[in-house]
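Here is a short briefing for a reader new to this structure. Look over the sequence and the model before reading on.

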Amino acid sequence: MSTPTTGDMISDDLLTEILVRLPVKSLLRCKSVCKPWLSLISNPNFTKSQLKHSQSKPGADQILIVKAEDDYSRSLLHLDSPQTRTPLGHPFSRGDFSFDPQFDIVASCNGLVCVAVANGPINNNPCIYLWNPATKQSKLIPPHSLRGEIMSVALGFGFDPVADDYKVVRIVSFLSADPRAAEVYSANTNVWQKVKPDLSEGGKHYYNVPGDFPEEDEFDVSVNGFLCCLGYYGMMAFNLNTEVFTIGLKLPLTKCLDACFGDFNGTIAVITSQKSELNYTFSLWTLDDEACLHGGKVEASWTLMLSIDVDYPYPRVYGCFNSGDFVLYTQDDNCLLYNPHTKEARNAPVSISIHGRIIKYNESLVSVTGSKQVDWNAHEDNLGDQH
Amino acid sequence: MKKLKFIGNPLLQSREKINMSSDKKWLTLKTTEDNEEFVVEESVAIMSNVIKNMVEDGCASSVIPVPRVKGNAMGKIIEFCKKHTEESDEKVLKEFDAEFLNLGPDALYDLMVSANFLEIKVLLDSVTTKVADMIKGKSSEEIRNILKIENDLSAEEIEESRRENCWTRQE
């Protein structure tokens, strides 16, 4: 943008300030305005600035990936206007499959969504996509190597801030008595590598097999370069940079019904569930120091931030927002947002939890090398010149 | 005779002359490009981080020189800062900002550059959001028209963009 009064071109800093406020769809269009804009928007530094702005806007952690009406595809929902949903799309084009495949979301991080498809386009094998729904760029990552008679698989996806890399981790336990194994895919190198050492540290054995295993099929969250989830022996963390597991980390309570991990204002947090005679207590704790996650001897310590007491029958908490609202599901599948400060609950759409998880999403321009454009409705584009 | 602009109640002008020990502190800002002077309350002026630092460091003498900002932009900036220090009702401020920023791209540009230079975050946020709203949802051609930008892209660059982003044309 230049002005006739000064004839100067707008500085990159100021142009960035304007453009970071645009939705990704507009940014892609802005690449066609002029060379300086194309150059600025294509620069990885701009991607970082846009992401930072996208994640720090008020209510940024209240944009969720939810089930669509057909319970099959996915949509985006803003909690502050829950009546409006926008379809998320698919990480593949319609022509890639001869049928409509179902997909599971492993996690969403920095605008990328990691998707697992049970019956993939190559020999019907399970496969994984790294997908940016906002730019419609998706990458089918190379096949993983750990195969055999598999009993359980757990997947995780997150961002390694040290190497500026996106990684997928796959933990497998086999039907035979072999120790558990894990492999990691790096977007930067585009290969899977086995993780050494494996999960058998600490001499712990779960089901007579050395090591621990995630209790759920996916890690709960990726925060500050760590994947976190609940294992049998306590919290399990995976350092995305060093690719080392730490198992058996102490939870804030010795006895709780359940625990799920999350990101509370940029800090690793856990929500614990306790039952007393008359009611349930859900508490949010933040991890005091990440030193315990580096596989050493430092114990995990937590600070209680928020707590709610409810007497609904058999409630479950699936997550919490930076605002402090807990996401509560009651026995008859009502979804409530419970505010610990006002002690008020308000209704929320039931679809915000997908299999007991809240998946937060912010759009970004982040791209993985080797991505290609995908569009489920691609065939509708070929309607002639659309200039 | 110096041209003095008093932003505020003209009655205060006379009080200024008679009684200098009022509770409010006043500063004089002088735009060095066109030598216009503005007398403002310190509480309003320090919405600019640059001026705030100067005042805190004790280097604000009787007249603070402000380079790079023209007189008419300075006047508008002071009007904005004054409203934002006086008013706390979010709704009222929002309405004020909408009316205040109802300007053409050139005036918005001047305001933006000045707000950036003077480090007035609230104003910079408002102006950049306004400009972003002006281009949101528009085609690249429309954006060029609004902001008076020349299309200097090569044929290949245009073609590549078209291929990558044809889906963005569907609203």
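The points below cover a helix contact and a sheet. The model is predicted. In it, helix H1 of chain A packs against helix H7 of chain B. Chain A also holds an open sheet of four strands.

- Angles of 65 to 115 degrees count as roughly perpendicular, so H1(A) is roughly perpendicular to H7(B).
- The crossing of H1(A) past H7(B) is right-handed.
- H1(A) makes the contact through Leu14(A), Glu17(A), Ile18(A) and Leu19(A).
- H7(B) contributes Leu124(B), Thr128(B), Val131(B), Ala132(B) and Ile135(B).
- Of the residues in this contact, seven are nonpolar, one is polar and one is charged.

**Sheet in chain A**

- The strand order is S18-S19-S20-S21, and the pairing is antiparallel.
- S18(A), residues 258-264, and S21(A), residues 302-310, stand at the edges.
- Each of these two has a single partner strand, so one side of each has no neighbour in the sheet.
- From one strand to the next, the twist averages 25 degrees.

**The S19-S20 pair**

- S19(A) covers residues 267-275, and S20(A) covers residues 280-287.
- The two strands run antiparallel and are joined by seven bridges.
- Thr272(A) has Ser283(A) of S20(A) as its bridge partner.

How values were computed
Residues numbered from 1 in each chain as written. Chains lettered and ligands numbered in written order. Predicted model: local features only at pLDDT ≥ 70, side-chain atom pairs only at ≥ 80, totals over all residues. Heavy atoms only, no water. Axes fitted to C-alpha atoms, helices over the stretch in contact; angles between N-to-C directions. Parallel < 35°, antiparallel > 145°, perpendicular 65-115°, else oblique. Left-handed = near helix turned anticlockwise from the far one by under 90°. Contact = heavy atoms within 4.5 Å. Nonpolar A, V, L, I, M, F, W, Y, C, P; charged D, E, K, R; others polar. Pairing = 2+ DSSP bridges.
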